[in-house]
Amino acid sequence: MEEIDYSNIPLENLAQGLQSTRRRERQDCAHELVVRCSQNPEAAVPYIRPLQKSLGCSEAQTRWEALNALALLAPYDVKSMSKTFRDAETCLFDDESAAVRLAACRFLVAYGSQSEKNSDKSWGVLDEFIQCYHGDPEYRDILKMMLTFAQGHISRKTRAAMEKRFEFDAHNSNGYINKFSVEIIQTLKQDA
């Protein structure tokens, strides 16, 4: 079977490919959309809706690729991203795929970092997520994303809640958990 070079396919066709009946085509189109979103996010903004629709796909890779693309597009059309919130929240607690969970976290951080109102909305589910996956293998990546979130345009309420959440680990843990918790708290205090 001949390999398809997705880098030459127009964005519109990639977006249509997200609804293909073939799993591999959905995954490859979603992956190429992430690449294109990282290179030229403004050009991909018109394809937010197909990316959102693909979050209902059964396979994990299409969902995590779509969430990663949407995270890259969040700063360019945050209003449209509110429609992604519920699906991202569901993906955040996906029992079968750590990659889906991390992509959902990345999206919620990107969405929540855009405004104080969005930060309050995102923090509610991110806080629960942190508690559920504290110490899991992907927890280092989660902490890196929380540091990014702390640097965003977040509310005082979210800052205070984040500081409270990471305070225990900043004083009582060691290793990377301590390091990131301390750095998150320092960032929250600097940007307040």
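**Close-up views of a predicted all-helix model**

Welcome: a search of the whole structure turns up nine salt bridges, a salt bridge being a side-chain nitrogen of Lys or Arg within 4 Å of a carboxyl oxygen of Asp or Glu. This is a predicted model, in which local features need pLDDT of at least 70 and side-chain atom pairs count only at pLDDT 80 or more, while totals for chains, interfaces and linings use all residues. Residues are numbered from 1 along each chain as its sequence is written, and side-chain values use heavy atoms, with hydrogens and water left out.

View 1. Helices (H or I, at least four residues) and strands (E, at least two) are DSSP runs, numbered from the N terminus. The C-alpha atoms fill a box of roughly 55 × 30 × 25 Å along the principal axes. Buried residues make up 49% of the 192 residues; buried means under 20% relative accessible area, exposed over 50%, and partly exposed in between (1.4 Å probe, protein chains only).

**View 2. Asp 127 and Arg 165 form a salt bridge, with their closest N and O atoms 2.5 Å apart.** This pair links distant parts of the chain, 38 residues apart: Asp 127 lies in helix α9 (residues 116-133) and Arg 165 in helix α11 (residues 156-172). Asp 127 is buried at 16% relative accessibility, whereas Arg 165 is partly exposed at 29%.

**View 3. Lys 179 and Glu 183 meet through their side chains in a salt bridge of 3.7 Å, N to O.** Both sit in helix α12 (residues 175-190), and because they are four residues apart, about one helical turn separates them. Lys 179 is partly exposed at 47%, and Glu 183 is partly exposed at 30%.

**View 4. Glu 25 and Arg 22 join their side chains in a salt bridge of 3.0 Å, N to O.** Here Arg 22 counts as partly exposed, at 48% relative accessibility.

**View 5. Arg 49, Lys 53, Lys 79 and Lys 83 gather in a surface patch of positive charge.** Patches are made of residues with over 30% relative accessible area and no salt bridge, like charges being joined within 9 Å. Lys 53 belongs to helix α4 (residues 48-53) and is partly exposed, with a relative accessible area of 49%.

Note on methods. Patch = residues over 30% accessible without salt bridge, like charges linked within 9 Å, V, L, I, M, F, W, Y side chains within 5 Å. Areas by Shrake-Rupley, 256 points an atom, 1.4 Å probe, with all protein chains shown as cover. Lys, Arg positive; Asp, Glu negative; His and termini not counted. Charge placed at Lys NZ, Arg CZ, Asp CG, Glu CD.
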